[in-house]
Amino acid sequence: MEEHIRAYAQLRLGHAREELETARENIAHGRFRAAVSRAYYAVFYIASAALFSQSVQRAKHSGVESAFSQYLVKPGYIEPEFSRLYQMARRQREEADYADEPDIDETMARQTLAEAERFVDRLERFLREVGALE
């Protein structure tokens with residue numbers, strides 16, 4: 001694997017782990033909307049790294065989501081359930097960030113965080129398998 005791909009994967013994994021930690025802290029302080037948003041960004045960062053390992057780059061959130069399904073799920077590298085997790089996290093983040101009165105409580109925030117952690121763990125394993133992380 002080329003060095004710039006490994007460097008990008010390591011950087012984005014670091015961002016994803018930081019966002020997960022921030023989401024945990026937000027939940028602990030009762031900031032459930034912020035927790036959902038940060039959990040989504042963990043998913044976005046690690047998905048971007050996984051796509052980059054396959055020489056795919058997208059700038060928009062919708063583009064990353066679509067490319068994730070096209071280049072990682074459809075060829076069988078990543079299980080289809082993770083495409084659904086990505087879609088759910090994105091929808092919840094949009095509600096958290098843009099709805100005037102989002103329907104987000106502690107239970108939803110904890111569930112979103114748990115799914116984001118599972119997503120990051122699975123994509124980190126993929127990145128190790130393809131040699132993008134050591």
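User: What does "exposed" mean here, and where does S55 fall?

Analyst: Exposed means over 50% relative accessible area, buried means under 20%, and partly exposed lies in between. S55 has a relative accessible area of 67%, so it is exposed. Note that the model is predicted.

User: Where does S55 lie, and what is its phi?

Analyst: Most residues other than glycine have a negative phi. S55 is not a glycine, yet its phi is positive, about 65°. The residue sits in the loop between α2 and α3. G30, which follows α1, also has a positive phi, near 75°.

User: Now the helices. How is the span of α1 to be read against its number of residues?

Analyst: Compare the distance from first C-alpha to last with the span expected at 1.5 Å a residue. For α1, with 26 residues, the reach is 38 Å and the expected value is 38 Å. In α2, 21 residues reach 31 Å, close to the expected 30 Å. In α5, 24 residues reach 35 Å, close to the expected 34 Å.

User: How do I read the angle between α1 and α5?

Analyst: Angles over 145 degrees count as roughly antiparallel. The axes of α1 (residues 3-28) and α5 (residues 106-129) cross at roughly 165° and come within 10 Å. The two helices are therefore roughly antiparallel to each other. Their crossing is left-handed.

User: Which residues make the contact between α1 and α5?

Analyst: On α1 they are A9, L13, A16, R17, L20, A23, R24 and I27. On α5 they are E106, A109, R110, L113, A116, E117, V120, D121, E124, L127 and R128. By class this contact has 11 nonpolar and eight charged residues, with no polar ones.

User: Which helices do the buried residues of α1 and α5 pack against?

Analyst: Those of α1 pack against α2 and α5; they are I5, A9, R12, L13, A16, E19, L20, A23, N26 and I27. Those of α5 pack against α1, α2 (32-52), α3 (61-73) and α4 (81-98). The buried set of α5 includes A109, L113, A116, F119, V120, L123 and L127, and charged side chains are also among its members, including E115, R122 and E124. As for α2, 18 of its 21 residues are buried, and the helix is mostly covered.

User: Take two glutamates, E25 and E124. Is E25 buried, exposed or partly exposed, and what about E124?

Analyst: E25, found in α1, has a relative accessible area of 40%, so it is partly exposed. E124, found in α5, counts as buried because its relative accessibility is 13%.

User: What is E124 in contact with, leaving aside its neighbours within four places in sequence?

Analyst: The contacts of E124 are L13, R17, I46 and L133. L13 and R17 are also on the α1 side of the contact with α5.

User: How far apart are E25 and A35 in sequence and in space?

Analyst: They are 10 residues apart in sequence, and their C-alpha atoms are 7.9 Å apart in space.

User: How do α3 and α4 pack, and which residues meet?

Analyst: Their axes are 10 Å apart, at an angle of about 175°. The pair is therefore roughly antiparallel. H61, S62, V64, E65, F68, S69 and V73 of α3 meet F82, S83, Y86, Q87, R90 and R93 of α4. The residues of this contact divide into five nonpolar, five polar and three charged.

Conventions
Residues are numbered from 1 along each chain as its sequence is written. This is a predicted model: local features need pLDDT of at least 70, side-chain atom pairs count only at pLDDT 80 or more; totals for chains, interfaces and linings use all residues. Side-chain values use heavy atoms; hydrogens and water are left out. Axes are lines fitted to C-alpha atoms, for helices over the stretch in contact, and angles run from 0 to 180 degrees between N-to-C directions. Helices (H or I, at least four residues) and strands (E, at least two) are DSSP runs, numbered from the N terminus. Angles under 35 degrees count as roughly parallel, over 145 as roughly antiparallel, 65 to 115 as roughly perpendicular and the rest as oblique. A crossing is left-handed if the near helix is turned anticlockwise from the far one by less than a right angle, and right-handed if clockwise. Contact means heavy atoms within 4.5 Å. The expected span of a helix is 1.5 Å times one less than its number of residues. Buried means under 20% relative accessible area, exposed over 50%, partly exposed in between (1.4 Å probe, protein chains only).
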